[in-house]
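Hello,

Here is the structure I said I would pass on. My notes follow below it.

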Amino acid sequence: MVRDITLGQYYPGKSFLHRLDPRSKIILLIAYLVIIFCTFNYLSLLLVTIFTALVIAISGVPFKTYLKSLKIVITIVIITSILNLFYGTGEPIWQWWIISVTANGINRAIFVTIRIICLILASSCLTFTTSPTDLTDALERLLKPLNKIHFPVHEVSMMMTLALRFVPTLLEETDKIMQAQKARGADMEAGNLFTRIKAMIPILVPLFVSAFRRAYEVATAMECRCYNGGSGRTRMKVIHMTKRDAVGFIGVALIIIGVFICNIMMKKVI
Amino acid sequence: MEFISAQDIYFSYEEIEVGKKVINAVDGVSLEIKKGEFVALLGHNGCGKSTMAKHFNEMLLPDKGKVFVDGDDTADESKTFDIRKKVGLVLQNPDNQLVASIVEEDVAFGPENLGVPPEKIRERVDSALKAVDMYEYRKNAPFKLSGGQKKRIAIAGILAMQPECIVLDEPTAMLDPSGRDEVLSTLIKLNRENNITIVLITHYMDEAVLADRVIVMDAGKILTEGKPDEVFSQVELLKKHRLDVPQATELIYKLRGCGVNFDKVPLTDEECIKMLEEVLK
């Protein structure tokens with residue numbers, strides 16, 4: 001279970017996407033995610049799918065890792081598409097008792113499946129090609145205007161950096177505690193849902209205790225390295241926009257225009 | 001001139017209550033560390049050596065007594081930043097010291113806090129990583145590295161801040177022999193080539209032998225100090241306080257007890273072999 005989580009993983013590389021300014025990557029991703037949910041007919045859906053595939057291809061990250069990131073959400077995709085299948089409107093094609101399937105429902109199911117898959121793939125693309133520090137640094141800069149209303153921008157971005165850094169460490173620890181409890185005869189697989197939840201307590205308690213101890217030590221280590229908040233801090237990597245970012249913006253703009261044209265020219269399917 | 005000087009310091013982790021006996025983790029210690037020196041602070045678990053280390057860069061303040069770093073009193077809050085810039089502390093667990101998800105970004109964390117200009121940070125990070133022989137791992141994720149490699153990254157993180165002194169709290173604990181060698185040779189190199197003052201806190205006698213000076217602590221007090229051969233020749237004293245001496249020293253000590261004549265005590269296996277060869281001739 002632990003090995004499958006790809007959250008916050010970064011694949012160093014030199015592709016076009018790796019070299020984009022992280023700020024433009026975030027903005028472009030948000031714009032793109034919105035446009036994925038503005039596809040109302042098959043042509044625009046195809047357009048979005050092709051674009052996603054193209055982005056994955058130029059990211060230079062092995063396709064296997066993308067599949068891994070999909071693996072976790074596959075249940076959500078299946079459940080939502082099944083639900084959508086039965087919630088269509090219009091003439092039923094197939095009916096049994098109170099369950100009915102309509103053409104609209106089938107379309108909906110297909111759209112939801114493809115949209116969610118594109119959404120996950122596009123977001124993975126961002127995290128795979130951007131180092132977590134770059135990502136949080138970019139967020140810090142994008143959110144800087146919020147400083148005016150006393151929103152702790154630097155603190156939030158530091159917390160995110162640390163959280164991303166400690167996700168694998170804490171997962172590893174959970175694994176270790178689980179094995180330790182199993183070695184002492186804890187049974188986590190047997191019994192009904194209730195007993196299984198109860199069996200998680202001997203894992204969660206030590207995990208929390210060690211997480212707090214760890215947090216205290218991390219804070220000490222940070223103080224040892226002269227950390228005292230965001231003021232007076234410099235960054236090793238200076239991020240700035242280049243022509244490359246302009247190309248990225250144009251690419252996404254073209255897709256947005258394309259989707260809108262499709263939506264105007266063709267009939268809505270859902 | 002001494003770089004760090006502790007003057008009769010006391011420290012206790014317990015709340016001071018009237019009528020209750022307070023156990024001091026550090027119980028009246030005075031010591032001096034000179035610039036460019038390689039000092040080993042030796043003692044078994046719970047003797048107060050880690051507590052002592054935290055006094056050197058103001059992570060802890062003494063209950064009584066004073067600590068001076070390069071002439072600055074650690075009790076002076078306005079000097080905190082300067083003191084931590086001069087004295088880098090490497091803690092025991094490297095997992096909890098690495099704050100970024102990429103090695104080079106973690107090493108850059110210290111200089112970034114110091115407000116060093118970006119292009120200078122790059123230089124410092126590269127040279128720090130080269131100094132600990134981890135340059136080719138600069139793009140890796142820390143959690144995928146081995147224990148010894150993580151320790152070396154933690155040392156590089158402090159090194160990039162270009163401190164004048166590095167204090168290391170049991171840098172070789174939990175490492176296998178090759179990991180220990182990696183870390184120790186890095187420290188010796190830093191001391192000899194870059195002239196950085198090193199304070200090595202350890203409970204391994206074999207490591208203390210490498211230092212210019214050894215300070216032995218027991219129950220919050222300094223037991224003895226001096227050059228490694230001076231300290232380890234006091235075998236009875238160390239044994240009485242449940243401390244070991246290097247194996248080579250112990251062998252010669254025992255042979256002496258049997259009536260074999262040796263003029264000095266060896267510290268390393270090689271020395272020991274040489275001495276035995278001479279006697280056997």
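The model is predicted. I start with one residue of chain B. B:Leu41 touches B:Lys49 and B:Met52, and also B:Val199, B:Leu200, B:Ile201, B:Ile215 and B:Met217, leaving aside residues up to four places away in sequence.

B:Leu41 also stands out in the largest nonpolar core, which has 112 residues: together with B:Ala156 and B:Val199, B:Leu41 touches the most other members. Domain 1 (2-131 + 240-265) and domain 2 (145-224) of chain A both give residues to this core, so the core lies between them. Taken over C-alpha atoms, the centres of these two domains of chain A are 30 Å apart.

Next, the contact between the chains. Chain A brings 29 residues to the contact and chain B brings 34. On the side of chain A that touches chain B, helices H6 (132-142), H7 (153-183) and H9 (201-224) of chain A each supply at least two residues. H9(A) gives the largest share of that side, 8 residues. By type, the residues on this side of chain A are 14 nonpolar, 8 polar and 7 charged.

Last, a local detail in chain A. Strand S1 (residues 92-96) and strand S2 (residues 99-102) of chain A pair in the antiparallel sense, over 4 bridges. The two strands form a hairpin with 2 residues between them. A:Trp96 stands opposite A:Ile99 in S2(A). In the turn, A:Trp97 has a positive phi of about 55 degrees.

Regards

Key. Residues are numbered from 1 along each chain as its sequence is written. Chains are lettered from A and ligands numbered from 1 in the order in which they are written. This is a predicted model: local features need pLDDT of at least 70, side-chain atom pairs count only at pLDDT 80 or more; totals for chains, interfaces and linings use all residues. Domain bounds come from an automatic or database domain assignment. Two strands pair if DSSP finds at least two bridges between them. Two residues are in contact if their C-beta atoms, placed from the backbone, lie within 7 Å. Ala, Val, Leu, Ile, Met, Phe, Trp, Tyr, Cys and Pro count as nonpolar, Asp, Glu, Lys and Arg as charged, and the others, Gly among them, as polar. A nonpolar core is a set of buried Ala, Val, Leu, Ile, Met, Phe, Trp, Tyr and Cys residues joined through C-beta atoms within 7 Å. A residue is buried if 20 or more other C-beta atoms lie within 10 Å of its own, exposed if 12 or fewer, and partly exposed in between; C-beta atoms are placed from the backbone.
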